[in-house]
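This report describes the arrangement of strands, rings and selected residues in one protein model. The sequence and the structure are shown first, and the description follows.

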Amino acid sequence: MKKLLPFLCLCFIFVSVTAQKKNKTTLQPTKKEFKIDSSKVKTLHKTVKALYEVLSAEKKEERNWKQFKFLFYPDAKIIPSGYNTEDRVYKAKYLTPDAYIKSSEKWLHINGFIEHEIHRDVNTFGNIAHVFTTYQCFHAKTDKTPFMRGINSIQLINDGKRWWILNLYWAQETKKHPIPKAYLPRKK
């Protein structure tokens with residue numbers, strides 16, 4: 001009996017520690033595991049639509065950054081532009097998809113960002129395309145008034161299997177530079 005008691009105590013301690021470890025792992029929040037949907041790059045329309053979809057999410061919702069990176073050709077550039085008040089000139093910043101995620105992910109997660117396409121002009125020649133797409137942005141799907149509007153200029157290439165975004169370049173609408181009527185939805 002004297003030899004059995006220490007053995008039982010060790011077994012009890014082992015079971016207790018194992019149960020505590022299981023509870024700790026099940027109580028921790030798990031990150032959503034996203035997958036890549038290759039069907040979203042089969043057509044030009046689907047590729048542009050996928051870009052808007054992957055960027056749009058409510059506050060504290062995760063985005064599918066794997067799908068976002070999958071949209072872009074190797075060495076593709078994401079180019080935000082805007083007026084620099086210090087230098088008093090318009091500037092562009094060149095980012096990789098990874099650098100864009102790193103610089104924007106926290107803000108998008110905290111504030112929510114729902115981007116809707118409201119107009120599109122497409123020019124194609126062979127396997128290249130240029131899409132001029134007007135957008136408006138909301139913090140939540142229930143918002144009635146956009147907090148921002150602008151135009152995305154997207155250059156794409158088709159390698160015979162799918163469409164890739166080469167460059168995503170945009171400018172926001174300002175009082176000085178409103179969006180021209182030609183790039184807004186046509187009134188019926």
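How many aromatic pairs does the structure hold? The model discussed here is predicted, and the structure holds ten such pairs. One of them joins Tyr73 and Trp164, whose ring centres are 5.6 Å apart and whose planes stand at 85 degrees, so this pair is edge-to-face. Because Tyr73 belongs to strand 1 (residues 72-84) and Trp164 to strand 6 (residues 163-172), the pair ties together parts that are 91 residues apart in sequence. Tyr73 counts as partly exposed at a relative accessibility of 34%, whereas Trp164 is buried, with a relative accessible area of 17%. Another of the pairs is formed by Trp107 and Phe113, with centres 6.4 Å apart and planes at 70 degrees, so that it too is edge-to-face. Here Trp107 is partly exposed at 40% relative accessibility, while Phe113 is buried, its relative accessible area being 8%. Elsewhere, one aromatic cluster is made up of Trp65, Phe68, Phe72, Tyr100 and Trp170.

In what order do the six strands of the open sheet lie? The order is 2-1-6-5-4-3, and the pairing is mixed. Strand 2 (89-92) and strand 3 (114-125) are the edge strands, each of which pairs on one side only. From one strand to the next, the twist averages 15 degrees.

| Strands | Sense | Bridges | Example of bridge partners |
|---|---|---|---|
| strand 3 and strand 4 | antiparallel | eleven bridges | Glu117 and Tyr135 |
| strand 4 and strand 5 | antiparallel | ten bridges | Thr134 and Ile151 |
| strand 5 and strand 6 | antiparallel | nine bridges | Ile154 and Leu168 |

Strand 3 and strand 4 form a hairpin with two residues between the strands, and in this hairpin Gly126 takes a positive phi near 55 degrees. Strand 4 is largely enclosed by the rest of the structure, because eight of its eleven residues are buried. Helix 2 (residues 44-55) lies across strand 1, strand 3, strand 4 (128-138), strand 5 and strand 6, and the helix runs at about 155 degrees to strand 3.

**Individual residues**

Is Leu71 buried or exposed? Leu71 counts as buried, since its relative accessibility is 0%. The residue is placed in the loop between helix 3 (65-70) and strand 1, and, when neighbours within four places in sequence are left aside, Leu71 is in contact with Val41, Thr47, Ala50, Leu51, Val54, Arg162, Trp164 and Ile165. The C-alpha atoms of Leu71 and Trp163 are separated by 7.9 Å, although the two residues are 92 residues apart along the chain.

Trp163 returns in the surroundings of Asn158, which touches Asn127 and Trp163 when residues up to four places away in sequence are not counted. Asn158 has its place in strand 5 (residues 148-158) and is buried, with a relative accessible area of 16%, which is under the 20% cut-off for that class. A polar atom of the Asn158 side chain lies 2.6 Å from the backbone nitrogen of Gly160.

Where is Glu62 placed? Glu62 is found in the loop between helix 2 and helix 3, and the residue is partly exposed, with a relative accessible area of 34%. Between the C-alpha atoms of Glu62 and Phe34, which are 28 residues apart along the chain, the separation is 9.4 Å.

How values were computed:
Residues numbered from 1 in each chain as written. Predicted model: local features only at pLDDT ≥ 70, side-chain atom pairs only at ≥ 80, totals over all residues. Heavy atoms only, no water. Helix = DSSP H or I, 4+ residues; strand = E, 2+ residues; numbered from the N terminus. Buried < 20%, exposed > 50% of the residue type's maximum accessible area, 1.4 Å probe, protein only. Polar contact = N/O pair within 3.5 Å; in protein donor to acceptor, adjacent residues only side chain to side chain. Contact = heavy atoms within 4.5 Å. Phe/Tyr/Trp six-rings, centres within 6.5 Å; stacked < 30°, edge-to-face > 60°. Pairing = 2+ DSSP bridges. Axes fitted to C-alpha atoms, helices over the stretch in contact; angles between N-to-C directions.
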